[in-house]
Amino acid sequence: MEQRIGVVGSGVMGSGVAQVFAQGGYDTVVVDVSEEQMRRTREKIRESLRFQKMMTGVAPLERAETVLDRIHFTQEIEALAACSFVVENVTESWEIKQAVYEQLNKVCAKDCILGVNTSAISITRVAALVERPERVVGIHFMNPVPLKPMVEVIKGYHTTPETLHITQEMLGTLGKQSVVVEDSVGFVTNRAMMIFVNEAIFMVQEQVASPEDIDILFKQCFGHKMGPLQTADLIGLDTILKSLDVLYEGYNDSKYRPCPLLKKMVDAGLHGMKSGQGFYSYN
Ligand SMILES: NC(=O)c1ccc[n+]([C@@H]2O[C@H](COP(=O)([O-])OP(=O)(O)OC[C@H]3O[C@@H](n4cnc5c(N)ncnc54)[C@H](O)[C@@H]3O)[C@@H](O)[C@H]2O)c1
């Protein structure tokens, strides 16, 4: 397969996105501002491939080194010039995404599809930053990317049927199914999910129940694989807070106001699994 894929941002999501593209046989260019983060991502992908059989029951078709050899890590965004498809996974902040799309607009080929991986930010607003808004589409991968078969694809105001078609075909080659939804802050999944995660954090703050007890109730009563506080730690508490801010601003609705305990934990550097400490410890 000759198509070259770009992955911008190599944090929680970018590492999974790079892995599935490389496993899909694509030559993959990963761009991040942090050299240290890219080093961690390389190791994370190696670990993820090592545990794939245990997690899914299916062994990887190729050795980890073969998959990793398809991924080129760089801090130079110009390396995306030869890519036909780019998935952006940078921090959930309008200012950061805005600066990245201004660069992508200059660097990427005119027919390159730009996939926005965001928890809540409007795809239409992002698309307005580039000259070809019809080539911009929301690709809301689920976490952890290698294990989740479903992707929420978001149609921005300008997104054409052709862009949607190419995107869904591309996801299909990665073994992912997708559902297309209209552009609306938080889309379908996070518009609802962020509310129950935030409400669970309020319950911890009010000492209604411990994180363990809240999570076990969700798992045993509703059949959820993970409780809301485990989910918050997996996503990253900083990303939850930023997403709630985007929803709060987007709908001007107090039901999205972030819990003070969440703000305090983020200020204290407790960002969940990625920092080693959130509602649970990961040492
Ligand atoms: N964490 C989740 O479960 C989840 C799920 C779906 C979607 N998302 C969305 O995906 C995006 C990424 O989230 P994440 O959890 O991976 O965040 P993260 O904080 O783990 O990673 C963000 C990465 O972006 C990099 N970055 C920042 N500025 C950059 C720039 N200018 N150029 C290149 N790289 C830059 C950072 O160095 C970091 O490695 C966010 O928009 C988030 O809302 C997250």
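# Reading a two-domain predicted model

The C-alpha centres of domain 1 and domain 2 lie 25 Å apart.

Q: What kind of model is this, and how are residues numbered?

A: This is a predicted model: local features need pLDDT of at least 70, side-chain atom pairs count only at pLDDT 80 or more, and totals for chains, interfaces and linings use all residues. Residues are numbered from 1 along each chain as its sequence is written.

Q: Into which domains is the protein divided?

A: Domain bounds come from an automatic or database domain assignment. Here they give domain 1 (4–182) and domain 2 (191–275).

Q: How many residues of each domain are in contact?

A: Two residues are in contact if their C-beta atoms, placed from the backbone, lie within 7 Å. Seven residues of domain 1 touch nine residues of domain 2 in this way. The domain 1 side of that contact has three nonpolar residues, three polar and one charged. The classes work like this: Ala, Val, Leu, Ile, Met, Phe, Trp, Tyr, Cys and Pro count as nonpolar; Asp, Glu, Lys and Arg count as charged; the others, Gly among them, count as polar.

Q: Where does the ligand lie relative to the domains?

A: A residue is near a molecule if its C-beta atom, placed from the backbone, lies within 6 Å of it. Domain 1 and domain 2 both give residues to the shell around the ligand, so the ligand lies between them.

Q: Which residues around the ligand come nearest?

A: Of the 30 residues around the ligand, the nearest are G9, G11, E92, S119 and N143. Helix 1, helix 5 and helix 11 (237–251) each give two or more residues to this shell. The shell holds eleven nonpolar residues, 16 polar and three charged.

Q: Why does the end-to-end distance of helix 1 agree with its length?

A: Helices (H or I, at least four residues) and strands (E, at least two) are DSSP runs, numbered from the N terminus. The expected span of a helix is 1.5 Å times one less than its number of residues. Helix 1 (residues 12–23) has twelve residues and should span 16 Å; its end C-alpha atoms are 17 Å apart, which agrees.

Q: Is helix 1 mostly covered or mostly open, and what does it pack against?

A: A residue is buried if 20 or more other C-beta atoms lie within 10 Å of its own, exposed if 12 or fewer, and partly exposed in between; C-beta atoms are placed from the backbone. In helix 1, twelve of twelve residues are buried. They pack against elements including strand 1 (4–8), strand 2 (27–31) and helix 2 (35–50). Just after helix 1, G25 has a positive phi of about 95 degrees.

Q: Which residues of helix 7 are buried, and which are exposed?

A: An α-helix has 3.6 residues a turn, so residues three or four places apart point the same way. In helix 7, T163, T167, M170 and L171 are buried. They cover an arc of only 100 degrees around the axis, which puts them on the same side of helix 7. The arc is that of the directions from the helix axis to the C-beta atoms. On the other side, P161, E162, H165, E169 and G172 are exposed. The buried residues pack against strands, among them strand 4 (85–88) and strand 8 (177–182).

Q: Why is helix 10 called largely enclosed?

A: Seven of the eight residues of helix 10 (residues 228–235) are buried, so the rest of the structure largely encloses this helix. Its buried residues pack against helix 8 (189–205), helix 9 (211–222) and helix 11.
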